[in-house]
Amino acid sequence: MKPIEKEYELFIGPNHPGATGNMSYHIWVEGDKVKKAETRVGYLHRGFEKLMEKRIWMQNVPLVCRICVPEPDVNEASYSMAVEDLMGWEIPERAKYIRTIILEMARISAHLLTVGGIAASLGIYTAAQWGVGDRDYLLDVFEQITGARVYHIYIWPGGVRWDVPKNTKELLTKVLDYLEKRMPLYEDLIIKNKVFIRRAADVGVIPKDKAIEWGVTGPNLRAAGYQLDFRKLEPYAAYDKIDFEVPYYPKLGEYEVLSDGSDIYTRTAIRMLEMQQSINIIRQALKDMPEGDVLLKHPQWFAWKVPAGYSYVRVESSKGEFGYFVVSDGGKKPVRVHVRGPSYTHGINVMETIAKGLNVADFAPTAISLDVCPPDIER
Amino acid sequence: MMAKELFPEAQELRKGRIRIETIKDKVTEIIKKLKENGYGHFVMLSCVDWIKEGKFELVYQMWSYEYREHVMISIKIAREGDSMVTLRDLFPQIETYEREIHEMFGVNFVGNPRLGEFILEGWPHMPPMRKDFDTEKFVKELYYKIPEVKEE
Amino acid sequence: MVDFFALGEQILVMAFLVTLGYAIGMFFNGFARKITARIHNRVGPPIYQGYIDVFKLFGKKTNISHGWIFDLAALFSIAGITLVFLFLPVAGFSMLSTDGDLFLILYLLAIPALGFALGAGASGNPNAAVGIMRALMTMLAYELPLVMVIVAMMVHYNTTSLAGIVAAQSNMHWAIFLPVFLIGAIVADMALQGMLMEKPFDIPIAPHEIATGPMVEFGGKHLGALMLYKMMGIVVETTLFVDLFLGGGVILSVAQYGWLAYVVNFLVWFGLITFVFFLALLINAVFPRFRIEQALKFYWKYDALVALLILIWIFVEVST
Amino acid sequence: MTLNHDDWGKVARMMSKRSLWMVHFCTGCGAMEMPPVMTSRYDMERFGMHAMATPRQADVFLVTGYLAVKTLKRVVQVYEQMRDPKYVIGFGSCTINGGMYWDSYNTIKDLSKYIPVDVYIAGCMPRPEAIIDSFLKLMDMIDKGEAIGWKKYHKYYDQYKKNQRMAYAYRLDEVEDIKEDDAK
């Protein structure tokens with residue numbers, strides 16, 4: 001039997017259940033404590049930004065949604081918004097509401113995956129199985145509206161591709177009712193589970209005073225104690241007309257406040273609360289949605305010439321700030337499209353910093369609870 | 001203080017979007033000043049290849065949660081033989097952006113110890129995000145030329 | 001003068017029972033997956049999946065090996081667990097020893113785990129090394145409360161033999177009906193959860209951190225042998241529990257009913273071990289896993305404390 | 001117990017087709033449709049399939065989507081760690097001809113040039129029904145003894161290795177030394 005050295009190296013990923021997708025962490029461990037961690041990315045690099053420079057503006061829409069697989073709609077929305085910003089378009093009111101509904105549905109489905117993933121990384125496979133199973137009901141609605149399960153290509157520059165089917169309201173309400181009914185089950189299984197609390201509280205903490213400086217965004221930032229949400233700060237789509245709350249630490253509703261700062265427990269709790277808020281937003285949007293056009297009458301796609309300029313547009317995704325920096329020189333193709341994925345900071349700098357001193361057993365749950373999605377790191 | 005008050009030369013692209021064009025020696029100072037004045041969130045560092053001018057444009061982007069304002073600080077450096085100092089001490093995530101831009105464009109950031117292989121592995125050609133790198137030609141000459149496995 | 005006929009008969013019976021034990025173990029694999037799948041709202045694999053899996057694994061080719069220790073380790077484990085099985089009274093029927101000495105069984109239970117450790121260590125994978133350290137620590141942890149409860153039972157029934165304990169519980173005087181041993185059974189059930197490597201004590205094989213730990217380098221025939229060991233382990237560990245607290249499943253006396261008693265007792269024993277395993281699966285489905293130090297704390301602080309109280313209670317009861 | 005065309009082999013094939021264990025390796029975005037396939041709606045465990053944490057225990061490798069060259073190295077390593085007999089399913093159009101990324105400098109275009117592929121699934125991304133269908137097709141092929149990709153890999157090992165090296169080096173002229181990489 002080979003003796004165990006005092007210090008040894010472990011590779012978490014890329015072929016490892018604890019890795020969040022196709023990425024890897026190289027960790028140096030002493031005893032049970034992680035001494036140093038390095039994130040290895042690039043396994044999913046497809047050169048999107050290069051490919052986008054080769055294609056005309058409209059051809060990029062099917063390309064961008066592949067950047068974040070669990071939640072492709074934020075990419076479509078932010079790319080479209082960037083093009084609209086440069087073109088100076090104002091999209092129809094109904095399209096804004098539809099975008100809101102689609103984005104919130106995407107948020108719920110991404111959160112279901114993440115919360116299930118956190119639970120699974122700590123061993124509650126039941127929650128993960130149920131989560132993915134329930135997500136399928138949402139995918140069905142997506143299929144009804146957009147025609148596809150995963151890559152919808154529904155949000156376009158100028159609005160949305162087509163109007164939602166007439167029975168959308170009934171379909172969605174049914175699914176939302178079902179999800180609301182299921183929420184207490186998830187709470188019992190995850191958030192209120194004593195063993196889960198033991199494992200998750202005070203583990204992988206992002207300190208509050210460093211959170212903004214490190215570039216932490218989204219639920220991870222809100223778990224650290226800031227009520228900051230780009231849906232409120234820079235309203236896009238129809239969020240300025242909808243009344244919703246932004247859950248943040250320490251206002252965790254009915255859940256216990258256990259620790260100070262953004263640990264696994266709080267991050268999970270925030271995501272659970274956000275799902276409930278999203279359900280609320282969709283209900284409101286369905287109720288208030290006006291009639292009318294859903295797509296601008298814009299020129300032929302091949303003839304698009306986007307005015308020269310710089311644009312940065314951001315969307316609050318389920319993982320954090322998703323931003324598109326788009327540069328045009330007035331031509332048919334973009335000069336540069338640069339994507340700011342939320343995982344870029346979460347997965348590399350934040351993870352490398354907070355991993356120091358973690359127990360090996362807590363490494364994978366911490367990484368998963370930061371909701372790192374590798375394709376938006378390397379594009 | 002808001003960016004417009006700090007730097008009168010700043011131009012407003014639209015509401016909440018400020019653009020400052022400057023030179024590379026002043027960048028550290030501007031970012032430091034903005035950081036002290038409420039622009040606490042470093043959004044991204046981006047690089048644009050303006051091949052006709054022979055310049056790379058580095059765009060440092062910051063956001064203030066207080067004023068809800070996004071600032072782009074843009075500098076231009078020469079495509080060949082020029083470099084930029086690293087700003088990794090100001091915001092830790094700048095380090096990662098510098099690593100990526102070094103790999104994808106070949107811009108050298110003096111003082112960053114982690115430059116080197118980041119996303120690609122064993123890439124022997126010119127940095128791929130440069131405009132003069134033709135990906136279509138590259139693909140046709142490499143991947144489509146690799147032979148199929150012949151069965152006897 | 002050796003009675004070769006009787007010896008041959010005994011060997012045949014033993015071979016039959018061991019085969020039956022493995023058959024039940026493989027059934028439990030499919031059973032566990034089916035039950036877990038039902039909890040997950042799924043259909044799940046067919047209940048005979050365990051047999052197919054083992055058969056397939058032994059049909060795989062061996063591309064690489066990590067040396068002869070690695071090759072032999074799984075066999076070592078299988079031999080160890082089979083030996084334990086032979087020493088246990090199954091449905092009141094003891095095979096190798098009419099005595100069923102408890103100390104010997106507890107000692108022998110460690111051997112297969114050591115074999116497992118040997119193989120995992122020989123594979124040279126750091127994940128396996130971490131996993132095996134955790135496995136041995138968990139073993140150390142759950143044995144303390146378990147041994148205390150067992151000693152309490154020995155004192156209570158005034159015997160060190162498992163067969164004796166089973167005999168003392170005949171005519172439905174099961175230990176679990178006594179309040180003190182009902183608590184004892186709960187303590188031992190927690191230990192059983194660790195023995196079976198089910199949640200919340202499955203940190204040694206946690207897939208999300210160390211990629212199933214000790215098993216990480218096992219594949220093909222090696223994994224097949226390892227699975228057989230684990231399947232037999234389920235039968236052995238649940239049988240130990242049933243022998244201790246549920247009277248070994250003996251409800252009819254052999255002297256009175258003859259072969260009918262064997263059949264009925266066997267069926268009852270099978271039902272009881274399935275039930276005990278089913279409980280373990282239910283706990284497994286709804287709990288996350290403890291970290292290793294939390295598991296140690298749980299066993300040594302809470303479980304062992306209760307076990308100690310039971311022990312004191314029994315001593316007081318005996319001395320007065 | 002080799003897979004010959006005798007009766008014993010028939011039984012072995014029947015068993016091994018009902019117990020295909022899959023490598024838990026998300027190589028591309030196709031991995032997004034794997035959770036639905038594993039869970040309550042489509043439930044591939046009905047066919048005795050489930051995901052294994054390590055390649056050593058697995059029989060079937062789902063290459064889910066496009067492969068960056070960096071991932072190809074890990075994929076080949078994982079493939080070589082798997083025990084014979086082993087099967088590969090190419091998932092999505094990216095493994096067939098590059099799909100959306102036909103002109104991307106970092107993704108390989110045709111998976112079968114680097115490792116033998118038994119079954120391809122077309123589409124971007126393929127629906128779970130298509131995935132289940134490919135599993136059934138693979139089972140059928142195993143039953144008939146047609147899934148012989150792993151034998152091909154042994155037979156034409158040199159050609160596969162040569163192609164892999166060209167891709168690793170991003171050059172057509174073959175480079176001998178391959179850097180030791182950090183995939184597990």
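**A residue, a helix and their surroundings**

Tutor: C:Leu104 lies in helix α4 of chain C, which covers residues 102-123. Helices here are DSSP runs of H or I with at least four residues, strands are runs of E with at least two, and both are numbered from the N terminus. Residues are numbered from 1 along each chain as its sequence is written, while chains are lettered from A and ligands numbered from 1 in the order in which they are written. The model is predicted, so local features need pLDDT of at least 70 and side-chain atom pairs count only at pLDDT 80 or more, whereas totals for chains, interfaces and linings use all residues.

C:Leu104 is partly exposed, because 17 other C-beta atoms lie within 10 Å. A residue is buried with 20 or more other C-beta atoms within 10 Å of its own, exposed with 12 or fewer, and partly exposed in between, the C-beta atoms being placed from the backbone. The C-alpha atom of C:Leu104 is 8.6 Å from that of C:Phe87, a residue 17 positions away along the chain.

Elsewhere in chain C, C:Ala188 belongs to the largest nonpolar core, which has 331 residues. Such a core is a set of buried Ala, Val, Leu, Ile, Met, Phe, Trp, Tyr and Cys residues joined through C-beta atoms within 7 Å. C:Val149, C:Ala188 and D:Phe61 touch the most other members of this core. Apart from neighbours within four places in sequence, C:Ala188 is in contact (C-beta atoms, placed from the backbone, within 7 Å) with C:Leu146, C:Val149, C:Phe241, C:Leu244 and C:Phe245.

Chain C also meets chain A: 29 residues of chain C are in contact with 28 of chain A. On the chain A side, β1 (7-12), α5 (125-146), α7 (194-200) and α13 (360-369) each supply at least two residues. That side consists of 15 nonpolar, nine polar and four charged residues. Ala, Val, Leu, Ile, Met, Phe, Trp, Tyr, Cys and Pro count as nonpolar, Asp, Glu, Lys and Arg as charged, and the others, Gly among them, as polar.

Chain A has 14 helices and eight strands. Its radius of gyration is 21 Å, close to the 21 Å that the globule rule gives for 379 residues, so chain A is as compact as a globular protein of that length. The radius is taken over C-alpha atoms, and the rule is 2.2 Å times the number of residues to the power 0.38. Of the 379 residues of chain A, 62% are buried.

Chain A is touched by chain D as well, with 35 residues of chain D in contact with 29 of chain A. The most come from α3(D), with four residues. The chain D side divides into 18 nonpolar, nine polar and eight charged residues.

Helix α3 of chain D (residues 69-81) has 13 residues and reaches 19 Å from its first C-alpha to its last, close to the expected 18 Å. The expected span is 1.5 Å times one less than the number of residues. Of its 13 residues, 11 are buried, including D:Val69, D:Leu72 and D:Tyr79. The buried residues of α3(D) pack against β1 (21-23), β3 (60-64) and α7 (157-169) of chain D.

Note on methods:
Contact = placed C-beta atoms within 7 Å.
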